[in-house]
Structures are given as C-alpha cells and as structure tokens.
Amino acid sequence: MTGIERGSGGPPWSVDLLADLQAGALDPQEAAQLWPRVNADPEAMEILAALEATQADLREFAMAPAPPMPAHFAARLDAAIATEAQSRAQATFAPRPPMPAPAPGHAPVIDLNEARRRRNRRLGWGAGFLAAAAAAVGIAFVAVPGRTGGSPSAGSDPNASAQPPQGGPFAFKQDELGDKQLDATKGQQDYGPFADKAKLTACLDANGISSKAQVLGAHPVTVDGKPGTLLVFVHGAGEFRLVAVGPDCGPGNPAKLADKTVR
Amino acid sequence: MWAVALRTLRDPEEAADALQEAFISAFRAAASFRAESQVTTWLHRIVVNACLDRVRRRQARPTVPLPETGPTEPVTPGDAMSDRETSLVVRNALAELSEEQRAPILLVDVEGYSVSETAKMLGIAEGTVKSRCARGRAKLAKVLGHLRNPSADANVPGDAIQPRDGRPRRHWEGK
C-alpha cells in the first residue's frame, strides 16, 4: 500500500479516496457513509487538510504577480491588433450604398440612440475592446479605429482622454480644423461633458443642429488653447461637419469654438 | 491575461500566440458580447479557450518536452521573493501532472471556474472533472510537500522543489 491508491474507507487511508471524497467525485451514498468516519479520524482529517492547503496554494498561484509579457511578444500583439483595428476601420468607413430616399413629406430620421448603438457595435466597441485588451495584457498600444499616429503610452492615465490634449490632431487653431481632426475623431466615443444625452441635445439645439444628426465621432480638443469637444457629423454625401464646442455649451449658449465642413 | 495564457500553456511563445488568437477572435466577436458578464470575464474565457485549443493541438502532436523549469521569470522590482518562489514551486508542481489532470485543475482551482463550466469547456463529464481534479490535487499535495506520508513521498520526483533549508514543505512560510 503506497497510500495513494484507492483503498477501503479506513486507515491506512487512501489519499485518492479522500481526494475523491473532497472533490465530490464519490457516489453520494458512499460519501455519506464515509464522511462520519473521516471526520472522526485525525489521520484522514490531516490528509484532507493537505488537499485543502494544496487548493489554497493554487488559488495563491492565480493571484501571484505574473512576469511581464516580453517586449517582443507585446509588440507583436500590438501590431496584430492594430492591423485588425485598421482593417475594421477601413471596412466601416468604406463607401456605402446611398440611403433609400425618404418617403415624400418625411425627413430622413436617424434616431441618435440607434445610430450610437450601431456605431458602438462597429467602432466604439472596437476602441473599448482595445482599451480593455491593453489593460488586460498590461501593455500599451495606440491603434484604435480611425485613429493613426500617436505614440505608445505605457502607463498612461486611462482617463487622460477626458482632458483636452495638448498636442497632436486634437490641439489646433480655429482655422486649422480640417481633415486631420476628421480622421482623428471619426470613431472616437469620448463625448466628455456631453456624454449626458440631455446636455448634448441642448448643446446641439443651441447650435442649430438637429438632435437626430448622426454623430460619427467625438473627442476632447483644445481650440486656440480653449478646451472643448469636437463633434463630427455626417453632412450630406461624402461631407462631414466638424463642430467644436466649449464645455459650457447648453441652452442658449452655443459656445462654438470652431465649425467647418470638409469633404 | 498574459499570466492566464502563460500558466495554462507554460511556453511563452505558445502563450503569446494564444493571446493573439484570443484577442483577434474577441475583437471580431465584440459585437456578440452581451453585457450579462463583465468584459474581463468574457475575455478571460476566450483566452482560456484559445489556450485549451492549443493544449489539445499539442496533445495531438508528437510530444515536445517543455522546459523543466518553465519560462524564465525576469526579476521585477517590487516583486517579493516569496511571490516568485510560490509561483515557481506551484508551476513546477503543475508540470508534474498529466495534461488531462492539469487542465481541470487549472480551470477549477486556479482560474476559479465551476465544475460545470469546466466540464463544458473541456467537453467532458462533470464527474470526470471531479475525479481528475481529485487525482491532480492528490499528486500536487505530495509534490508540494503537504502530505507527510513517507511511503507516498518516496516515489515523488519533487526534489527540485524542496525548500532551500531542507525542511519538509508542509506549509509555505509566511502565508
């Protein structure tokens, strides 16, 4: 008897038998008969304690800090995800068949929430997932749909995007607003203070923009040094309207920082 | 997620490949995600499944021995010695198990999946999960030094994980 084969339910105890008992692998009737004898036997209890200590070690193993992912693997993963994100972004922004003409007397209504849901599925989700993936892996990458450039931002504050950026395409002068900002903002879902739908609607209303307008992207910006949020709208076939508004935009206060239509 | 892949596959190259497969697959399936579970839970499952797929593929191939000591752990500032020792000892102990015992042990005892979830993920009966976990724990209990039974210790190849001070490792110090 080595002590590890399945044996009869008594001393010397079989470790396998007790492990089966502990794991619930025994027939319920057999287990019911065995438990009182096990509970009454210090040697059996000691084996059970050893099995529990083993499980505790395994739980601890799960919580132990992992070695960092080697840089070359992280870079490879970055590249793969960036490629995937880019191909999705291109597919999303590829020319689509024109919308069916609205029925006479009816404006083409695109419900903002539905548009957002669709967009979230297509793009926002991608961006959100990428962020979650980066956080999960503990690596940094910058590729998000519709956004190129930038630099790796290991350890950057995940809330940093809530603040108007100090450089890149999101910090510009009023007359510089154009393609660069369009490309960088399309697909972004950072509404900043306008994440509140009521506030966004009130701001759009103050700027004479229908709340039904399809928002293609939103991102905090700095216009001539002033903080704001850039919103991108579809504006006719192949045209986009870029409107930057200040954080105080609301009823009766357009707080417009810049407004441009680009093709 | 890197840790999950690494402890499931043990080989950094394979872990990186599995992670990449999992992330691309998750990215493509993102639209099907339902907010019934947390993103991390959902992602964790995808990573584990990608790793299990690789384990299955590995089993189907001729045996390729993995490094005895597992992947090299670089020293990380602030990483306590006891943590590194714990990981190393448990990782080496898990390497003693057969693949069919290691997978359920990893899923149930390390990753925290229920027996029922584990059974579905591995495509085996719940009873099989329980018995494989039982066998795996029994072996680990010996390898980790929690069992004193001298006859059971006699044929356990656990020399590599003996504590440096030579004392029996019934319980890890400082825990």
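**Close-up views of a two-chain model**

View 1. The model shown here and in the following views is predicted. The crossing of α1(A) and α7(B) is right-handed. On the side of α1(A), the residues that meet α7(B) are V15(A), D16(A), A19(A), D20(A), Q22(A) and A23(A). Their counterparts in α7(B) are K130(B), S131(B), C133(B), A134(B), R135(B), R137(B) and A138(B).

**View 2. The largest nonpolar core has 69 residues.** Those that touch the most other members are L18(A), I47(A), A5(B), L19(B) and V47(B). Helix α3 of chain A (residues 42-63) supplies the largest share of this core, eight residues. A second, separate core of 27 residues has Y191(A), L204(A), I209(A) and V243(A) among its members. Around L18(A), setting aside neighbours within four places in sequence, the contacts are W13(A), V38(A), A44(A), I47(A), L48(A) and L51(A).

**View 3. Five strands of chain A form an open sheet with mixed pairing.** The strand order is β1-β2-β3-β4-β5. Strands β1 (171-172) and β5 of chain A lie at the edges, each pairing on one side only. Strand β1(A) runs parallel to β2(A) (residues 215-223), and two bridges join them. Within this pair, A171(A) has T222(A) in β2(A) as its bridge partner.

**View 4. Strand β4(A) pairs with β3(A) and with β5(A).** Residues 240-245 make up β4(A), and five of these six residues are buried. Strand β3(A) (residues 226-234) pairs with β4(A) in the antiparallel sense, over six bridges. Six bridges also join β4(A) to β5(A) (residues 256-262), again with the strands antiparallel. L242(A) in β4(A) stands opposite V232(A), and L242(A) also stands opposite K260(A) in β5(A). In a regular strand, side chains alternate between the two faces of the sheet.

**View 5. A198(A) is an exposed residue in helix α7 of chain A.** This helix covers residues 197-206. A198(A) has 10 other C-beta atoms within 10 Å and is therefore exposed, the limit being 12 or fewer. Along the chain, A198(A) and G250(A) are 52 residues apart, and their C-alpha atoms are separated by 9.5 Å.

**View 6. I24(B) is in contact with residues of chain A.** I24(B) lies in helix α2 of chain B, which comprises residues 12-28. Because I24(B) has 17 C-beta neighbours inside 10 Å, I24(B) counts as partly exposed. Apart from neighbours within four places in sequence, the contacts of I24(B) are A80(A) and E84(A).

**View 7. Chain B contains eight helices and zero strands.** Its pattern along the sequence is α-α-α-α-α-α-α-α. Chain B has 175 residues, of which 38% are buried. Taking the contacts in chain B between residues at least 6 apart in sequence, 59% join residues at least 24 apart.

How values were computed. Residues numbered from 1 in each chain as written. Chains lettered and ligands numbered in written order. Predicted model: local features only at pLDDT ≥ 70, side-chain atom pairs only at ≥ 80, totals over all residues. Core = buried A, V, L, I, M, F, W, Y, C linked by C-beta atoms within 7 Å. Buried ≥ 20, exposed ≤ 12 C-beta atoms within 10 Å, placed from the backbone. Helix = DSSP H or I, 4+ residues; strand = E, 2+ residues; numbered from the N terminus. Contact = placed C-beta atoms within 7 Å. Pairing = 2+ DSSP bridges. Left-handed = near helix turned anticlockwise from the far one by under 90°.
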